[in-house]
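Reader: Could you zoom in on one part of this for me and take your time over it? I like to know the cut-offs, so please spell them out as you go.

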Amino acid sequence: MSEFLGNSPNARLVALDNGTSAIAAYTVFSDATSGPSSVLLYNSAYFDGSGARSEATITLTGLTGVPTVGAKRMTAPNATAESGVTIGVGGAFDGNCVASGTQSLESTSVSDGQASFTLADSDALIVFLTA
């Protein structure tokens, strides 16, 4: 979460969604004069680990000046998993929440100021809007 919020003492967190669905979207402004630096997308639809896992597609708009954006995904086998949690494709956490492995970013193309992301139930994604 600290990677999403950053370390600016003037950072502002702003909700982008209206709170009426399972999809939540928040953005961070590093200070009063800058544009958003990252977006957190979260699919709060509960997945218990059985049956098919549903997905939702979220499209961010107004992305100008960048051909691609990087994103870091956090996923787990189910909503209450204490093991098998991964972040950034190759990163993981052990039973004591100590990070291991190598995290990496997914790259998503921006076309006409838009980028789309697919989130499975109970997954989260940090989209980095700045280098």
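Author: A strand here is a DSSP run of E with at least two residues, numbered from the N terminus, and two strands pair if DSSP finds at least two bridges between them. This is a predicted model, so to speak, with local features needing pLDDT of at least 70 and side-chain atom pairs pLDDT 80 or more, while totals for chains, interfaces and linings use all residues. Residues are numbered from 1 along each chain as its sequence is written, and side-chain values use heavy atoms, with hydrogens and water left out.

Let's start with strand E5, residues 68-75. Five bridges tie E5 to E11 (residues 124-128), and the two run antiparallel. E5 is also antiparallel to E9 (residues 106-109), this time through four bridges. Then there's E6 (residues 86-87), another antiparallel partner of E5, joined by two bridges.

Val69 sits opposite Thr108 of E9. Met74 has a bridge partner in E11, namely Ala124, and another in E6, which is Ile87.

Follow the chain back from E11 and you get to Ser122, in the loop that links E10 (115-120) to E11. Its backbone is worth a look: phi of Ser122 is near 70°, positive although the residue isn't glycine. Most residues other than glycine have a negative phi.

Is Ser122 buried or exposed? Ser122 counts as buried because its relative accessibility is 17%, and buried means under 20% relative accessible area with a 1.4 Å probe and protein chains only, exposed being over 50% and partly exposed in between.

What does the Ser122 side chain reach? It gets to the backbone oxygen of Ala45 at 3.1 Å. A polar atom of that side chain also lies 3.1 Å from the backbone nitrogen of Phe47. Leaving out neighbours within four places in sequence, Ser122 is in contact (heavy atoms within 4.5 Å) with Tyr42, Asn43, Ala45, Tyr46, Phe47, Arg53 and Ala79.

Asp112, however, is exposed, at a relative accessible area of 76%, whereas Ser122 is buried.

Conventions. Polar contact = N/O pair within 3.5 Å; in protein donor to acceptor, adjacent residues only side chain to side chain.
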